Amino acid sequence: MAIIHCPSCNRRISSLAKSCPYCHAPIGELNQEERERLILRRWRTRLYRARNVTYLAMTLVVIGMLWWWLAPPSGLALPAPLAAAFLLGLGLVLYLAGWCWLLWLRLSRNR
């Protein structure tokens, strides 16, 4: 067993690997079952990242709401502090983008 570089991402991997564990690029000859497993692994990785985007977005929304609630004057008084409004807006945009990404991944998987 030797250490080689992946042709796609140039990271160091085992010469016995049939696909890169980092970018999932096929290294050697793959049969149909291995090819399907590789495609499923790529899809699951993307799904995991899309879910993490939605979790990050909801965290930003919660932090923005807490900031707005605790900023003087106390409560959800208008106008909202600029930083809180920015966090709320960024969180909502990221949340919508994450859900669109999730829906696209799930619809593309069912084809």
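Lys-18 is partly exposed, with a relative accessibility of 43%. In this predicted model, Lys-18 takes part in a salt bridge with Glu-34, and the closest N and O atoms of the two are 3.0 Å apart. The pair joins distant parts of the chain: Lys-18 belongs to the loop between E2 and H1, while Glu-34 is in helix H1, 16 residues apart. Glu-34 counts as buried, at 18% relative accessibility, because buried means under 20% relative accessible area.

The count of salt bridges comes to two. The other bridge described here joins Arg-37 and Glu-33, with 3.3 Å between the closest N and O atoms. Arg-37 and Glu-33 are both in helix H1, four residues apart, so about one helical turn separates them. Arg-37 counts as partly exposed at 49% relative accessibility. Glu-33, at 51%, counts as exposed, because the exposed class is over 50%.

The two salt bridges are set out below.

| Lys or Arg | Asp or Glu | Closest N and O atoms |
|---|---|---|
| Lys-18 | Glu-34 | 3.0 Å |
| Arg-37 | Glu-33 | 3.3 Å |

Ser-19 is found in the loop between strand E2 (12-14) and H1. With 12% relative accessibility, Ser-19 is buried. Apart from neighbours within four places in sequence, the contacts of Ser-19 are His-24, Ala-25, Pro-26, Ile-27, Leu-38 and Arg-41.

Aromatic rings come next. A search of the whole structure gives one aromatic pair. This pair is Tyr-95 with Trp-99, in an edge-to-face arrangement, with 6.4 Å from centre to centre and 65 degrees between the planes. The arrangement is called edge-to-face because the planes are over 60 degrees apart. Tyr-95 and Trp-99 lie four residues apart in helix H2 (residues 82-109), so they are separated by about one helical turn. Tyr-95 is partly exposed, with a relative accessible area of 28%, and Trp-99 is also partly exposed, at 37%.

Charged side chains also sit over rings. Arg-11 lies over the face of Tyr-22, 4.4 Å from the ring centre. The charged end of Arg-109 is over the ring of Trp-43, at 5.4 Å from its centre.

On the surface there is a nonpolar patch formed by Val-62, Met-65, Leu-66, Trp-69, Leu-70 and Leu-76, which together have about 600 Å² of accessible area. Val-62 is placed in helix H1 (residues 32-70). The relative accessible area of Val-62 is 46%, so Val-62 is partly exposed.

Technical notes: Residues are numbered from 1 along each chain as its sequence is written. This is a predicted model: local features need pLDDT of at least 70, side-chain atom pairs count only at pLDDT 80 or more; totals for chains, interfaces and linings use all residues. Side-chain values use heavy atoms; hydrogens and water are left out. Patches are made of residues with over 30% relative accessible area and no salt bridge: like charges are joined within 9 Å, nonpolar side chains (Val, Leu, Ile, Met, Phe, Trp, Tyr) within 5 Å. Accessible areas come from the Shrake-Rupley method with a 1.4 Å probe; for residues, only the protein chains shown count as cover. A salt bridge is a side-chain nitrogen of Lys or Arg within 4 Å of a carboxyl oxygen of Asp or Glu. Helices (H or I, at least four residues) and strands (E, at least two) are DSSP runs, numbered from the N terminus. Buried means under 20% relative accessible area, exposed over 50%, partly exposed in between (1.4 Å probe, protein chains only). Contact means heavy atoms within 4.5 Å. Rings of Phe, Tyr and Trp (its six-membered ring) pair if their centres lie within 6.5 Å; planes under 30 degrees apart count as stacked, over 60 as edge-to-face and the rest as tilted. A charge sits over a ring if NZ of Lys or CZ of Arg is within 6 Å of the ring centre and within 35 degrees of the ring normal.
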